Amino acid sequence: MQKIHPASGAPEPPTERREFIKQGCAACLGLAAVVAPAAIGARVFLDPLSRSNGTEAFVKVTTIDSLPEDGTPVQFPVLADKRDAWTKFTQVPVGAVFLQRRKAGSPLALSVVCPHAGCFVDYLEDQEAFLCPCHNSFFAKDGALKDEQSPSPRPLDSLEVQVRNKTEVWVRFQDFQLGITEKKPVT
Ligand code: FES
């Protein structure tokens, strides 16, 4: 015999049908809980060219006093607050930057990331040049391509710098697309 819902007075579906509907809903919710985070994760991990470092704002990196007066580039970590879909992380390393003092104006900031395929470059003090250890791209101290055989399609990427409160060095930390001649930010 068909049951009547006590509140609405409407006939209730048979027990087997109710169980089937309940199980179907649970399966849909379970699938959504697995697929949505997996899709977000896949985008981040499988598409590095579209992966941004998570901060496009100016970040305080150091003070002018910590830069050698002779203009030798020094590498500094960049720390920033980061947020993903669920969590906020404060002052985590998001990359690094080479800074060098100049005779006039604000310091020069160069990304440590080789525009060819994304390896970190090293500064060779004796040659006053940057070398990428992965495929030997060679860059001058100001970031220009030093060797025409270098596989990098463009010079090292410069970053915007601001000097605040007379001594603080702030850098607009950005990632740029790899493997192309144009300097194009990752969005
Ligand atoms: S990644 Fe630097 S030369 Fe290839």
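S137 touches C114, F130, L131, C132, S150, P151 and S152, leaving aside residues up to four places away in sequence; contact here means heavy atoms within 4.5 Å. This is a predicted model, in which local features need pLDDT of at least 70 and side-chain atom pairs count only at pLDDT 80 or more, while totals for chains, interfaces and linings use all residues. Residues are numbered from 1 along each chain as its sequence is written, and side-chain values use heavy atoms, with hydrogens and water left out.

S137 lies in the loop between strand 6 (129–131) and strand 7 (138–140); strands are DSSP runs of E, at least two residues long, numbered from the N terminus. S137 counts as buried because its relative accessibility is 1%, buried meaning under 20% relative accessible area with a 1.4 Å probe and protein chains only. A polar atom of the S137 side chain lies 2.9 Å from the backbone nitrogen of S152.

Elsewhere, four strands form an open sheet with antiparallel pairing, in the order 2-3-4-8. Its edges are strand 2 (74–83) and strand 8 (158–159), each pairing on one side only. Two strands pair if DSSP finds at least two bridges between them. Strand 2 is joined to strand 3 (residues 88–100) by nine bridges, and L79 has P93 as its bridge partner in strand 3.

Two bridges then join strand 4 to strand 8, where A109 has L159 as its bridge partner. In a regular strand, side chains alternate between the two faces of the sheet. From strand 4 (residues 108–111), L108 and L110 point one way and A109 and S111 the other, and all are buried.

Key
Buried < 20%, exposed > 50% of the residue type's maximum accessible area, 1.4 Å probe, protein only. Polar contact = N/O pair within 3.5 Å; in protein donor to acceptor, adjacent residues only side chain to side chain.
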